[in-house]
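This report considers a protein model with regard to its fold, its chain interface and its aromatic residues. The sequence and structure are shown first.

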Amino acid sequence: MFKSLSHIYLFIFSILLWHNAAFASERIAVVGSTTVLPIISQAASQYHKLHPDIIITVSGGGSGVGIAAIIQGTAQLGMASRETTKEEKTKLNGRINNITIAADAVAVAVSKAVYESGMHQLSLQNIADIYRGNIRNWQTLGGENKPILVIDKEASRGTRHVFAKAVLGSSHARADGASIISGSNNEEQSIISQSNQAIGMLSNAWLNDKVRGIDVLIDGKAISPSIKHVRDGSYPIARALHVLLPKTASPATQDFVKFLLSKQGQLIVKNVGYLPVQ
Amino acid sequence: MRLSPLSISVFLGCLIACISTCALVWFLFDSSWPYWRSFGLSQIFSSQWYPYESLYGLLPAIVGSIWAMFIAMGFAVPCALAAAIVSSEMLPCSWQNGLRLSMEILAGIPSVVYGLIGLWVLLPWLQNTFHLLTGHSLLAAGLILSLMILPTIMLMAQDALRLVPREQREAAKHLGLDWNQRLYRILLPQAWPGIRSGILLALGRVLGETMAVMLVVGSLDRLPQPIYNILAPAQTLTSRIGREMGEAAFGSMHFSALMACGLLLAVTAIFLSLFTQRNTPQT
């Protein structure tokens with residue numbers, strides 16, 4: 001096929017030239033929270049159909065990683081499911097716009113077996129006791145005689161910040177009763193579904209048949225982690241989902257954020273299972 | 001020495017290799033220096049890792065890494081040596097090639113695939129067999145690591161055994177040595193340098209494997225209670241770096257602490273290879 005060295009060089013050069021044409025398009029790297037990720041992925045593929053010359057790559061890592069990527073300039077758009085901390089705000093120095101695109105609830109998720117043994121609601125104090133290691137068996141709360149598998153999250157995850165603030169008092173609170181530490185929503189969902197005695201924190205859009213969200217007892221009333229309760233503010237572990245848009249972002253990135261806030265984008269938010277910004 | 005272009009380029013290549021190694025170690029030392037300066041060596045013995053409270057205790061991760069290393073080597077070295085001995089001494093040629101091919105395929109599988117196998121196959125099995133709360137444990141990490149390093153050790157041991165000249169085996173037979181004596185007195189001592197390099201390579205991989213370990217070890221910064229409890233979730237140095245590197249801002253104390261974990265791993269690997277080199281009989 002290659003008759004001489006010069007033919008090989010010509011072949012390689014033409015391949016590079018062909019790929020260079022693809023480089024004329026713009027690439028937007030979106031990094032951050034795995035809670036916001038489903039919205040951005042679907043929005044990115046729809047946006048790409050409308051603007052084929054813009055390629056959007058979406059990756060996870062957690063809210064902490066997303067904010068750090070924006071601080072260091074390694075991503076064009078950040079996703080976060082929590083507010084930026086004081087240290088992060090100082091590092092960001094007003095260089096970004098923090099735009100809310102949706103709201104969701106952090107559900108206290110339990111394995112299917114736990115839910116079906118009658119554990120449908122817990123008070124915030126009970127959940128705090130479980131995560132602090134004061135309650136170790138489901139039997140203490142009226143369930144079956146099984147030790148509790150307490151799944152905590154990496155300390156930088158947005159879901160963990162919000163959960164710790166509402167349940168344990170501060171967003172960096174220690175959870176001494178934790179059995180294992182998981183990372184993304186995906187990982188947490190698979191660990192809870194593989195076990196039959198687990199409890200964890202999961203965004204409500206990730207609940208399924210094997211991973212059930214339980215209600216939170218407040219003043220005797222059981223409040224479920226549904227969109228309705230996020231809207232009227234009664235569910236205590238709710239948060240806004242943001243994108244972090246640098247002020248020096250390209251016009252394409254700003255247009256993509258406008259798309260997220262438009263009717264089409266908010267329809268995607270609703271389909272994923274979060275509360276659209278009204 | 002003639003200064004031909006070939007000898008100059010070979011010398012340059014060697015220089016680049018040496019400089020890269022030194023630069024790597026220097027980079028690790030330089031980025032972790034703020035951590036060592038602030039905390040000194042005391043944090044190596046502290047068991048509290050709470051970056052948000054500026055507590056960077058390394059002890060649980062160090063203990064976890066040591067346990068994972070011992071478990072992995074303890075399972076892999078005997079099995080791999082046995083496979084190499086069987087393959088080079090007992091099997092016919094075609095079987096040898098078949099075994100070698102399958103080991104090379106095993107060695108080429110990406111580590112994240114091993115991690116997924118561990119997550120979906122090994123963890124439920126461990127959970128059911130030992131009646132644990134969860135299969136995430138140091139034992140799981142050690143078993144997955146041993147599966148990963150088995151091909152490496154086996155291939156290098158087999159090569160080393162094959163290199164022992166046939167005359168040695170024939171001489172042993174003529175002297176009336178039985179199989180045990182032939183193996184332990186003639187073959188293994190002569191093949192030992194090659195086997196040792198294989199073990200060192202495997203050790204480097206065990207110390208540095210991140211993805212597979214991260215998925216199965218539990219990532220819980222707590223000392224095993226009691227210290228020999230390998231059936232509970234724990235932490236290793238690599239798993240900690242893997243979990244927290246993305247969010248540690250470049251230059252912060254958290255970043256330095258993670259770099260210190262990396263430096264400990266590099267220093268351990270260097271120390272182990274130097275230590276085993278010194279015991280080489282100079283032939």
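The sections below treat chain B, then its interface with chain A, then the aromatic pairs.

The model is predicted: local features need pLDDT of at least 70, side-chain atom pairs count only at pLDDT 80 or more, and totals for chains, interfaces and linings use all residues. Residues are numbered from 1 along each chain as its sequence is written, chains are lettered from A and ligands numbered from 1 in the order in which they are written, and side-chain values use heavy atoms, with hydrogens and water left out.

**Chain B**

Chain B contains 10 helices and 2 strands, where helices (H or I, at least four residues) and strands (E, at least two) are DSSP runs numbered from the N terminus. Their order from the N terminus is α-β-β-α-α-α-α-α-α-α-α-α. Along the principal axes, the C-alpha atoms of chain B fill a box of roughly 70 × 65 × 30 Å. Of the 283 residues in chain B, 45% are buried (under 20% relative accessible area, 1.4 Å probe, protein chains only). Among contacts (heavy atoms within 4.5 Å) in chain B with a separation of 6 or more, 71% join residues 24 or more positions apart.

**Interface of chain B and chain A**

The table gives the counts and area for this interface.

| Property | Value |
|---|---|
| Residues of chain B in contact with chain A | 22 residues |
| Residues of chain A in contact with chain B | 28 residues |
| Area buried between chain B and chain A | about 2100 Å² |
| Salt bridges between chain B and chain A | 3 salt bridges |

Buried area is the accessible area (1.4 Å probe) that two parts lose on being put together, summed over both; here 55% of it lies on carbon and sulfur atoms. Tyr52(B), Leu133(B) and Arg243(B) supply 32% of the area that chain B buries against chain A, more than any other three residues. A salt bridge requires a side-chain nitrogen of Lys or Arg within 4 Å of a carboxyl oxygen of Asp or Glu. Glu53(B) and Arg174(A) form such a bridge through their side chains, at 2.8 Å from N to O. Helix α4 (residues 111-129) of chain B contributes 3 residues, the largest share of the side of chain B that touches chain A.

**Aromatic pairs**

Over all chains, the structure holds 10 aromatic pairs, counted for rings of Phe, Tyr and Trp (its six-membered ring) with centres within 6.5 Å; planes under 30 degrees apart count as stacked, over 60 as edge-to-face and the rest as tilted. The ring centres of Trp49(B) and Tyr56(B) are 5.5 Å apart and their planes stand at 75°, so this pair is edge-to-face. Both Trp49(B) and Tyr56(B) are buried. Together with Tyr35(B), Trp36(B) and Phe39(B), these two residues form one aromatic cluster.

How values were computed:
Buried < 20%, exposed > 50% of the residue type's maximum accessible area, 1.4 Å probe, protein only.
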